[in-house]
Amino acid sequence: MAVEPQDVRWDDRGLVPAIVQDATTRMVLMLGYMNEESLRLTIDTGDVHFWSRSRNEIWRKGATSGNTLALDAITLDCDNDAILVEAVPAGPTCHTGETSCFDGVAEPAGIAALWATISDRASNPIEGSYTAELIAGGTDATSRKVVEESGEVLIAAKNHQFGGDPQRVIEESADLVYHLLVLLAEQGLDLSDVEQELDLRRRP
């Protein structure tokens with residue numbers, strides 16, 4: 001949803017609360033406040049800006065620490081008096097060094113956490129990283145592994161059909177999911193692209 005300042009129901013101080021969520025893992029990262037100018041700067045620059053209520057000034061998240069928030073999407077709530085900012089963090093969001101400013105929020109797990117790691121390796125290759133090496137190998141390398149792991153899942157499933165260990169199906173399926181996500185990253189696609197397609201196919 002495209003959000004324009006005129007759509008927002010600002011409070012009597014000209015502010016609106018902005019909840020920041022990791023666009024990849026869906027983890028809630030922080031709560032800040034925006035005024036009209038900081039919202040416009042966020043939209044225009046792609047870097048999330050806030051209004052500091054203590055300093056009475058606009059600040060760009062990460063201007064000092066380098067832990068910026070790259071805008072992915074902005075959505076208004078049903079009353080138009082709160083904003084959800086989906087962003088890609090460049091590092092820990094909280095000034096304490098924690099991923100989230102909300103103590104006790106569960107770290108992302110499963111496919112979301114795996115995709116976050118793969119995306120990071122695609123953007124910031126690390127020497128010796130298997131993921132980075134696969135992506136650097138291009139489509140031939142990533143697609144070859146998807147085909148290979150698909151065969152391994154098939155073999156494990158057939159073995160299980162005739163009394164084999166079901167754990168092998170789980171393990172080979174995990175390998176396949178991982179390599180499929182690596183292929184997505186190598187293709188410049190996002191896990192959310194697949195999720196959106198699945199949503200389109202879902203029937204009531």
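Is R202 buried or exposed? R202 is exposed, with a relative accessible area of 61%. Exposed means over 50%, buried under 20%, and partly exposed in between (1.4 Å probe, protein chains only).

This is a predicted model: local features need pLDDT of at least 70, side-chain atom pairs count only at pLDDT 80 or more, and totals for chains, interfaces and linings use all residues. Residues are numbered from 1 along each chain as its sequence is written, and side-chain values use heavy atoms, with hydrogens and water left out.

**View A. D199 and R202 meet in a salt bridge.** The N to O distance is 3.8 Å. A salt bridge is a side-chain nitrogen of Lys or Arg within 4 Å of a carboxyl oxygen of Asp or Glu. D199 is partly exposed, at 44% relative accessibility.

**View B. Strand 1 and strand 2 form a hairpin.** Strands (E, at least two residues) and helices (H or I, at least four) are DSSP runs, numbered from the N terminus. Strand 1 (residues 16-22) pairs with strand 2 in the antiparallel sense over six bridges. Pairing requires at least two DSSP bridges between the strands. M30 in strand 2 is the bridge partner of V20. Five of the seven residues of strand 2 are buried.

**View C. R26 forms a salt bridge with E86.** Their closest N and O atoms are 2.5 Å apart. R26 lies in the loop between strand 1 and strand 2, and E86 in strand 6 (residues 83-89), 60 residues apart. R26 is partly exposed at 37%, whereas E86 is buried at 14%.

**View D. R168 and E171 pair within helix 5 (residues 166-186).** Their salt bridge has its closest N and O atoms 2.4 Å apart. The two residues are three apart, about one turn of the helix.
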